[in-house]
Amino acid sequence: MLAFWTHRSLIYGLSKREVLARYKGSWLGMLWSLITPVLLLLVYMFVFGVIFQARWPQSNGVDENFAALLFSGIVIYMYFSEQLTGSPTLILRHSNFVKKVVFPLDALAWVSVFSSLFHFLLSLLVLLVFVAIWGGGLTVSLFAMIPLTVILSVQLVALVWFVSALGVFVRDTVYVATFLSTALFFLSPIFYPIDAVPDAFARVMEANPLSFYIEATRTIVVLGEWPDWFALAKASGLALLSYILAFLFFNRVKRGFADVM
């Protein structure tokens, strides 16, 4: 966390610029960051609630809100996917920082994650409003989303450091990341609970880093329950370990960035 705290002003400024640049020139501007998740949720409600009249697997006949359960998984997936697919070209897109300016390159990972975090929080807000009005209501367990979001963000910073550094030397990384993003959309418990997975594949699903965050978000926000604290502690340890290893890896190889760009 030292890198973040040292360059916090720079990270904040660049993150703000990234968010504003995304909507530059559009009529509605930053309103799109709120409109998009609302429209997406409405589509889920219509397709799965009206057309398919879908019910959550293994719900034991309880009429649960499929749209909210699904959207809670989508929110986490989109936050993760944006980092995974954008990381391979992160350093390449900022080559001027590598070649011409003395710049803390490790800060770019925080900028990337924070700009996505802004949209993640807005999507989460839409989900909360939906659950408060049409779902079972909000409970005090919602406070557990704070540590969960922090842990996930730290994990994503580690992912960005590793993948962005690899993307400088191995340009095929972008294609691998795109494939993994698509595969994880179906291999993560987004459209189904992890309990619905056959026992033969349960261990594989549990190895998926997204599984815990999706299930925990669904438990906290939609079901109004506290997460598994032991699993949260394990995720914290894994995120911290990943953060340290990725930081060491990135700072070791970044000296060679200018030679291959």
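**View 1. Ser87 in a loop.** Ser87 lies in the loop between H4 and helix H5 (90-93); helices (H or I, at least four residues) are DSSP runs numbered from the N terminus. The structure is a predicted model, in which local features need pLDDT of at least 70, side-chain atom pairs count only at pLDDT 80 or more, and totals for chains, interfaces and linings use all residues. Residues are numbered from 1 along each chain as its sequence is written, and side-chain values use heavy atoms, with hydrogens and water left out. Ser87 has a relative accessible area of 1% and is therefore buried, a term that means under 20% relative accessible area (1.4 Å probe, protein chains only), whereas exposed means over 50% and partly exposed lies in between. Leaving aside neighbours within four places in sequence, Ser87 is in contact with Val160, Val163 and Ser164, contact meaning heavy atoms within 4.5 Å.

View 2. Leu69 belongs to helix H4 (residues 66-86) and counts as buried because its relative accessibility is 1%. Residues up to four places away in sequence aside, Leu70 touches Tyr44, Phe48, Trp56, Ile190 and Phe191. Leu70 and Arg218 are 148 residues apart along the chain, yet their C-alpha atoms are separated by 8.5 Å.

**View 3. The packing of helices H7 and H8.** Two packed helices are described by the angle between their axes and the distance between the axes. For helix H7 (residues 107-134) and helix H8 (residues 145-169), the angle is about 145° and the axes are 10 Å apart; axes are lines fitted to C-alpha atoms, for helices over the stretch in contact, and angles run from 0 to 180 degrees between N-to-C directions. From H7, the residues Ala109, Trp110, Val113, Leu117, Phe120 and Leu124 meet Met145, Thr149, Ser153, Leu156, Val157, Val160 and Trp161 of H8. This contact of H7 with H8 comprises 11 nonpolar residues, two polar and no charged; Ala, Val, Leu, Ile, Met, Phe, Trp, Tyr, Cys and Pro count as nonpolar, Asp, Glu, Lys and Arg as charged, and the others, Gly among them, as polar.

View 4. Ser123 is placed in helix H7 and is buried, at a relative accessible area of 13%. Beyond residues up to four places away in sequence, Ser123 touches Pro37, Phe71 and Val75. Val168 is found in helix H8 and, at 1% relative accessibility, counts as buried. With residues up to four places away in sequence not counted, Val168 touches Pro88, Ile91, Leu92, Phe257, Val260 and Met261. The C-alpha atoms of Val168 and Leu90 are separated by 8.8 Å, although the two residues are 78 residues apart along the chain.

**View 5. Helix H9 and its cover.** The 15 residues of helix H9 (residues 173-187) should span 21 Å at 1.5 Å a residue, and the end C-alpha atoms are 20 Å apart, which agrees; the expected span is 1.5 Å times one less than the number of residues. Buried residues in H9 are Thr173, Ala177, Ser181, Ala183 and Leu184. The cover over the buried residues of H9 includes H4, H8 and H11.

**View 6. Helix H11 and its two ends.** Helix H11 (residues 209-222) has 14 residues and reaches 20 Å from its first C-alpha to its last, close to the 20 Å expected. H11 is mostly covered, with 13 of its 14 residues buried. At the start of H11, a side-chain oxygen of Asn208 reaches to within 3.0 Å of the backbone nitrogen of Leu210. Just after H11, Gly224 takes a positive phi of about 70°.

Terms used:
Polar contact = N/O pair within 3.5 Å; in protein donor to acceptor, adjacent residues only side chain to side chain.
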